[in-house]
Amino acid sequence: MRVILTTFVILLTATALIYADSNQWGRRVVGDRLLNASTIVNNSLPVPIKTAVFQYLPPLGSARAPNVTYILARDNVRNGLGGYAALISGGINQTHASVKLSSRPNLGFNFTVEVYGR
């Protein structure tokens, strides 16, 4: 019975991860640090497709801005009804990044965006 339950839980977890629309750009390596992390939720507007733009800009007054090495846009809605993420400017090996988050028609979205760099 325990083997059947364990197998069921593993299959259920794999299915949930397959239906999430998370995106990643670049590669995280040893020495990278978390530059910014934000959770963006949009469930409120009664429009067909909801959008938001996440922007990472280097801190003001920094002598040398860190280069972005890895961006993760994690879809927190695990049932296949979350949104989509697209990198629209900046990105890997640059000092800034902009990620556009969009919902599926008539639904909301919930993303956690993490930016790593060195």
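User: Before we look at single residues of this predicted model, what counts as a polar contact?

Analyst: A polar contact is a pair of N or O atoms. Within protein, one of the two must be able to donate a hydrogen and the other to accept it. The cut-off for the pair is within 3.5 Å.

User: Which backbone nitrogen does the side chain of Asp 32 reach?

Analyst: Asp 32 sits in the loop between β1 (23-26) and β2 (33-42). Its side chain makes a polar contact with the side chain of Thr 69 at 2.7 Å. The side chain of Asp 32 also reaches a backbone nitrogen, at a distance of 3.1 Å, and that nitrogen belongs to Val 29.

User: Is Asp 32 buried or exposed?

Analyst: Leaving aside neighbours within four places in sequence, Asp 32 is in contact with Arg 27, Thr 69, Tyr 116, Gly 117 and Arg 118. Buried means under 20% relative accessible area. Because the relative accessible area of Asp 32 is 12%, this residue is buried.

User: How many residues of strand β7 are buried?

Analyst: Strand β7 runs antiparallel to β2, with 9 bridges joining the two, and one of the pairs is Ala 37 with its bridge partner Glu 114 in β7. Strand β4 (residues 68-75) is also antiparallel to β7, joined to it by 7 bridges, and Tyr 70 stands opposite Tyr 116 in β7. Strand β7, residues 109-117, is mostly covered, and the number of buried residues is 8 of its 9.

User: What is the relative accessible area of Asn 42?

Analyst: Asn 42 is found in strand β2. Leaving aside neighbours within four places in sequence, Asn 42 is in contact with Lys 50, Thr 51, Gly 108 and Phe 109. Asn 42 is buried, and its relative accessible area is 12%.

Methods:
Residues are numbered from 1 along each chain as its sequence is written. This is a predicted model: local features need pLDDT of at least 70, side-chain atom pairs count only at pLDDT 80 or more; totals for chains, interfaces and linings use all residues. Side-chain values use heavy atoms; hydrogens and water are left out. Helices (H or I, at least four residues) and strands (E, at least two) are DSSP runs, numbered from the N terminus. Buried means under 20% relative accessible area, exposed over 50%, partly exposed in between (1.4 Å probe, protein chains only). Contact means heavy atoms within 4.5 Å. Two strands pair if DSSP finds at least two bridges between them.
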